[in-house]
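Subject: A structure for you to explore

Hi there,

Here is the structure I promised to pass on to you. Have a look at it first, and then read on for what turned up in it.

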Amino acid sequence: MSQPRYRDPAAPVADRVRDLLSRMTLTEKVGQVNQRMYGWQAYERTPAGHRLTEAFHAEVAAYDGMGALYGLQRADPWSGVTFGTGIGAAEGARVSDAVQRHVVENTRLGIPVLMVEEMPHGHQALDGTVLPVNLAVGATWDPGLYEEAAALAAGELRARGGHVALVSALDLVRDPRWGRAEECFGEDPYLAARFTEALVRGAQGPGDGPGRGPVSYGADRAAVVLKHFAGQGATVGGRNSAATELGARELHEIHLPAALAGVRAGAAGVMAAYNEFDGVPCAANRELLTGLLRERWGFEGLVMADGCALDRLTRLAGDPVAAGALALAAGTDLSLWDESFPRLAEAVRRGLVRESVLDAAVGRVLALKFRLGLFERPYTGERRAPAGLRELSERIARESVVLLRHDGATLPLPEHLRRIAVIGPNADSVPQQIGDYTAPQRPGAGVTVLDGIRAAAPAGGEVGYARGCELVGGDRSGIPAAVALAASCEVAVLVLGGSSARESATRFDSNGAAVVSSGLPVDMTCGEGVDLAELGLPEGQSALLSAVTATGTPVVVVLVQGRPHAVPEELAARAGAVLSAWYPGPWGGRAIAEVLFGAAGPVGRLPVSVPRSAAQLPVFYNGKDHGYRGYVDQPATARHPFGHGLSYTTVEYGAPRLSRDAVTVSPSGAVPPLTCVVEVANTGARPVDETVQLYVRRVLGGSSWPRVRELRGFARTALAPGERAEVSFTIGAETLASVTRSLEQAVEPGTFEIATGPSADRTTGAVLTVGPWPAPS
């Protein structure tokens, strides 16, 4: 007897999907688009090892299969999974295979289950290697480095039995009060697009066309689902899951480029965001998910709902059955924890949605399983995780450190130091430097800033430590001891900022977000659900900064943070140097110390503008200028602009030179190739890795009001003391294109300024004329 067509690995994926669909019952189809169960509820730990639960058996039996299982290996205070109850690296593949074996061997058609795992900055599992958060990654301005790290993180996830990686990439920091700012690559669409495509290439490998991903995923590559589609970073007031007030042009200019880059790179899926666009929630927005994503962009991958998002649609649809039908018809393929999609069979029988629509969604789920090779190789077996990710994590941390201000003398710390004070609530805590969406770390793991400084300090030097104050609140009882320590030392390193560290006492919503009812959760100032109205340092930290800088001892401020904090100018000016280290990951303390002592130079650049206060928001660099000049009581400009970052030397920029000063757009929209060349020179005494930035500004012409400037390229060049180099950028249609009235990208005739420089506010430009001008109407 010949095997079914869907079992033939030589058959085209489309044929295999079609054959398998023809054999499935309505109940089995509904099971394939469901991801209702929390993965940590599928097993329990016993003295003899891990065993599958009756709840898991019942879930599989209810649909004679399972589409996807989320977070089998997730561990954190929300899930309640710890080293005592969870799955470590040594057991990961074995437990995953047990789940898979039960599904394959105890269902009629033996369809494997997708193992979906969080990989926001490394696999969120016990013993998973943690990377710096996305905002730190964005500060490196090095997509190639991130691509390397994404590849190894995906390999680690696959070695433990995971198949699909959920990764934040599409949101932008348009309001830094938002607690999820740390999950963004920055505020700029071009920068986010470059990191998004690097993520997809690294984790998945080479793609096979828009939205298709690889023809067959390698055993060390994971399918990527990009979060969140679309516009979630535009939340009103910086409040999590709040409304957005986006126009179509703003959506296309700012919030869609990263998603389009990910689709073009072959991303396996996108996750529909919680927010709405034009009043319609993303998970039920047919114009967004079908009209734009599938029909205009040609995306063929999965659309996954966010956690419990489909149940929220009941307010629109009237009941959970209609809510599921609404989302399915709009283009959502796979649920997450909700009670709406499990009732899709009822929706079909009631005539709320056609079975053919369900078939299309099931087909996309099955196609991914075929591409992952799960029908031929459902089990992971013994597989070694790739080596080198820890080193890349530390390298990202080192390259993400941004020197915000410097008096030119305090750093790097001199070799003759004998007494160093390390002070502050973020100086000696690994949990407070690793960010949200992280698993518990083993005791003694990681390197705090205090650890790093002690290891890097000159031989015979003494490093003293005082906490000084708590992370939140106004208690000042520890300040006198910190001041005494600082006064007795030659330099004080003051480690301040925020924390997204979740604790067992933290309260959580049904989707895992922290719940803030009054005040802040225990020692959290950032993370999902932890939004701030004010961006200044907490009262105790501000008092500590004021007191330590008043001692007269040179002070270096290191901000460990998941969002830019607004440090008052009068306080920051009293420090010899201020650095942003973001959440640098478990080994970030060593990376920070290397920068402080000059073993590495600060090469990070701001991926987000740093405001003077929350009162002046929004303050992103690429807004629109209608002649407004500022407030009466403070400037409207950022404290530190997008792209800013100092080094231990000085770099001079020449004026950019264009290979031609006028071009003509062809009828097809093409622009003749031209180049922009700028000379940069290291005029100081130390080597430097300089990130040269290219910005475009429309001066005249176009169908819409232009933005002040827009990033369109960047390149890093290494310069020895006294060395000069020319950095060249290719200027093409994508460099000059803007969103037209029809919401398409096109080059419109006009006059452009092509500018280069070290940051968004320090550029020199050359004029380019793009013709022909349109004839008068």
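The buried residues of helix α13 are V321, A322, A323, G324, A325, A327, L328 and A330. Buried means under 20% relative accessible area, exposed means over 50%, and partly exposed is in between, using a 1.4 Å probe and protein chains only. Helices are DSSP runs of H or I with at least four residues, strands are runs of E with at least two, and both are numbered from the N terminus. Helix α13 covers residues 320-330, and since eight of its eleven residues are buried, it is largely enclosed by the rest of the structure. Which elements cover those buried residues? Among them are α10 (286-296), α11 (309-312), α12 (314-317), α14 (344-349) and α15 (355-371).

Before you go further, please keep in mind that this is a predicted model, where local features need pLDDT of at least 70, side-chain atom pairs count only at pLDDT 80 or more, and totals for chains, interfaces and linings use all residues. Residues are numbered from 1 along each chain as its sequence is written, and side-chain values use heavy atoms, with hydrogens and water left out.

Now for the whole chain. The protein chain has 22 helices and 27 strands. Its radius of gyration is 27 Å, which agrees with the value near 28 Å that a compact globule of 777 residues would have. That radius is taken over C-alpha atoms, and the globule rule is 2.2 Å times the number of residues to the power 0.38. Along the principal axes, the C-alpha trace spans about 85 × 80 × 45 Å. Of the 777 residues, 62% are buried.

Contact means heavy atoms within 4.5 Å. Taking contacts between residues at least 6 apart in sequence, 77% join residues that are at least 24 apart. The chain's accessible surface is about 27600 Å², and 51% of this belongs to carbon and sulfur atoms. Such areas come from the Shrake-Rupley method with a 1.4 Å probe, and for residues only the protein chains shown count as cover.

Next, the aromatic rings. How many aromatic pairs does a search of the whole structure find? There are 18. Rings of Phe, Tyr and Trp (its six-membered ring) pair if their centres lie within 6.5 Å; planes under 30 degrees apart count as stacked, over 60 as edge-to-face and the rest as tilted. Y38 and W78 make an edge-to-face pair, because their ring centres are 5.6 Å apart and their planes stand at 90°. This pair links distant parts of the chain, 40 residues apart: Y38 is in the loop between α2 (26-32) and β1 (43-46), and W78 is in the loop between β3 (68-70) and α4 (89-105). Both Y38 and W78 are buried.

The rings of F370 and F375 are stacked, because their centres are 4.2 Å apart and their planes are at 20°. F370 counts as buried at 4% relative accessibility, and F375 is buried too, at 9%. One aromatic cluster is formed by W141, Y190, Y621, F642, Y695 and F714.

Some backbone details are also worth a look. Most residues other than glycine have a negative phi, and most peptide bonds are trans. F229 and A230 are joined by a cis peptide bond with omega about 5°, and A230 sits in the loop between β6 (223-229) and α8 (248-255). The bond from L411 to P412 is cis as well, with omega near -10°. P412 belongs to the loop between β11 (402-406) and β12 (419-423).

D278, a residue other than glycine, has a positive phi near 55°. You will find D278 in the loop between β8 (276-277) and β9 (280-281), and it counts as exposed at 68% relative accessibility. L743 is not a glycine either, and its phi is positive at about 65°. L743 lies in the loop between β24 (738-739) and β25 (745-746) and is partly exposed, with a relative accessible area of 22%.

Finally, two glutamates. E197 is in helix α7 (residues 189-204) and is buried at 18% relative accessibility. Leaving aside neighbours within four places in sequence, E197 is in contact with A261 and A265. E59 lies in helix α3 (residues 54-63) and is buried at 13%. Not counting residues up to four places away in sequence, E59 touches R36, M37, G65 and M66.

Enjoy exploring!
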